[in-house]
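Welcome! Please take a moment to look over the sequence and the 3D view, and then read on for a short tour.

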Amino acid sequence: MSTYAIDDREDKLRGGLFGAIALHVLLAAALVAVALLRHTTQHWGEHSSETGAIQASMVSAIPLPQKAPPVDNSVLASEDVSKAPTPPKEATQPPPRPMDVLIKAKTPDKAAIKPNTVTPPKHPQPTPDSRKATSGEAATQLPQSIEDVTHGTATLTVQNRTFGDRYAYYLEIVGRTVSQNWFTQEIDPRTPVGRSVTVTFDVDRDGMPTNVRIQTPSGVPSLDNSALHALQRIENGFGPLPAGNQITISDTFEYHR
Amino acid sequence: MMTSGFLRWRTGLTAVAFSFLAATSALAQSPFQIVTSSGAGSIRLAAANFKATGGDPAYQHTFDTVLFSDLESAGIFDLVAKSLIPTATPGSPSEMSLGQWSAAPASAQMVAFGNLGVQGGRLVVNGFLDDVRNTQYPQVFARQYSEEPSEDSARQIAHRFADEIILRLGGGTLGIAETKIFYVKLGGGNKEIWMMDYDGANQHAVTHLGTIALSPRISPDNSRIAFSALDKNGFQIKMWSMLLGRLVNFSSAGGANLSPAWAPNGQQIAFSSSRTGDPEIWVSDTSGNIAHRITSFVGPDVSPSWNPRTGAQIAWISGRTGLPQLYIMDADGSNVQRMTDGGYATSVSWSPNGQFLAFAWDRKYGPGAPGGQDIYVMEIATKRWIQLTHDIGRCDFPSWSPDGRHIVFSNSEDGHDSHDRIMSMLADGTQQHALTGTGADMPNWSWK
């Protein structure tokens, strides 16, 4: 009874043991399989020979999208007048064939109007006769004279370009005389660097500046006033005009330290 | 262990490198600032020797010398020295090669050149001014002058050409090369009125009165000279007509009448008169009539000078507080302002633009006081002054040039009156040079 009982118990124990062993073997096999599988996947940036380092290779240039060719029909500060571009033909849609449009007798509604509307151009079209550049006013003229003074630069442009070429010396004298009379001490020292005011004035036959006005204020009253004072201080003028009765000159006063 | 040590050393090195970089970038952020000038520079001008076209080279030499000295004394050019200019003498624009002049050592921006010669009994001068940097249109102006051939006309043409250059390039500055200076010449116990060119040339007598004439003042239109001279009634204001070459009427009055001054309109004369006992400033018309007194203080009031710009103010010297001081007032005698705070001030001249007073001042007057009598310029609005002459002896009688850039004055190195001579300088005190020898005093620069 007892042996049976023992045998019976041993049988039960053996079965449990084999079960446990099988479970462990299975687990071990699963672990090995997982480890093997994980090992085969490559990590990001991983290299076969030197693990742990990122490889970067030098290139001579970064391939960028190609630049658009320069626009030829814009007159940007160039001496010779390029031909005005031919105005582009208006992209009108072909008129609908009569049979395509449903014509309702009573309500000529939106659907009928829609194909006729021309979409407005995305950007302003170049005007055929203008010599002005379409982008930026300042680039249309090169300065005739640039004078550096303490805490400021006075840049002078003349609207009559041919006068500026022919009598460059005169404009230089104008620029020099104006900047000699520009007292930068008058400017509020808290003025941000780079602020500039553009003053426009006429020079009459005798060389006197007249009709002095601020074209572009700087936003700093003391800087604006110092530029006006510079022109008001000129008592004897710039000397007689070499030609003509009047020229108009713009002078830009830029504040810096 | 070794690796970690190496690593630590390398980080140390990097830190050093970084701090070095930071230092250099800090340097780059605050660069050295070089301020070249507060204003703009002056034009570099070359005066070429003129080409003599088959004439007398003597005129050519005079012309070149006068032109050069005129341009130099104008004080507005950076004039290329004669030794640096190219040897070629271009006589006309076709012979001009701009590259020669723009290159070092001349490095000129402008060139004055031309030719002169005697053609058909006339001295003909062709003068040109070229802008060297404008190769397309170099010519600034061209002038032709024609005069009787003489040394003096060569001088006058050079003056006129120089004035033209100064007018064109000086930014509205009027040339003074044709102006005159009137002064007192001491000779044989008498003092006569003389005149000369602004550069001291061409000195000659104006009056021959055989008496003591003082303080000549030329009228604004250069037609008359007012001065004070000793006659049987004492010192009286006299009026000399340059057109007639003789004295014209000016009413005499009692007492000493001294130091006349022209109003800028030429219609009135201010002078000092002691006809009521005390020297006061009086104003009359140009023949001495309708005289009225505009100062009334005890103490001498002398040496008036009108504001040439407005004609509404008079500066003068007054001794109402003891030692003579500089004052200004309105032309009717109101609004008196004292300008100097001490010392001994004499002989004032009002600048043509009305902003400055030039005067002679002994700032520390008294026995054993340092310094001497020198020329000062005061800005009227701020009463700030600068001293123009230093240690050249006693200076007196300043007078402004019509362009307001020069001052003529009398100077005596040893302080003796008889050793006075006339000197000229730029209004900042530079370029001092004597115009006459000794025995000349009380200069007055003409108005134009």
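In which loop of chain B does B:Ile290 lie? B:Ile290 sits in the loop between β16 (280-285) and β17 (292-293) of chain B, where strands (E, at least two residues) and helices (H or I, at least four) are DSSP runs numbered from the N terminus. This is a predicted model, in which local features need pLDDT of at least 70, side-chain atom pairs count only at pLDDT 80 or more, and totals for chains, interfaces and linings use all residues. Residues are numbered from 1 along each chain as its sequence is written, while chains are lettered from A and ligands numbered from 1 in the order in which they are written.

**Confidence**
- Chain B has an average pLDDT (the predictor's confidence in each residue, from 0 to 100) of 88, and 91% of its residues score at least 70.
- Over residues 1-39 of chain B, pLDDT stays under 50.
- Where pLDDT is low, the predicted coordinates should not be read in detail.
- For the complex, the predictor gives an ipTM of 0.74 and a pTM of 0.71.

**Chain A**
- Chain A has five helices and five strands, arranged along the sequence as α-α-β-β-α-α-β-β-α-β.

- Most residues other than glycine have a negative phi, and most peptide bonds are trans.
- B:Ile290, not a glycine, has a positive phi of about 35 degrees.
- B:Asn222 is not a glycine either, yet its phi is positive, about 60 degrees; B:Asn222 lies in the loop between β10 (213-218) and β11 (224-231).
- The peptide bond from B:Ala104 to B:Pro105 is cis, with omega near 5 degrees, and B:Pro105 is in the loop between α3 (98-102) and β4 (110-119).

Methods:
Two residues are in contact if their C-beta atoms, placed from the backbone, lie within 7 Å.
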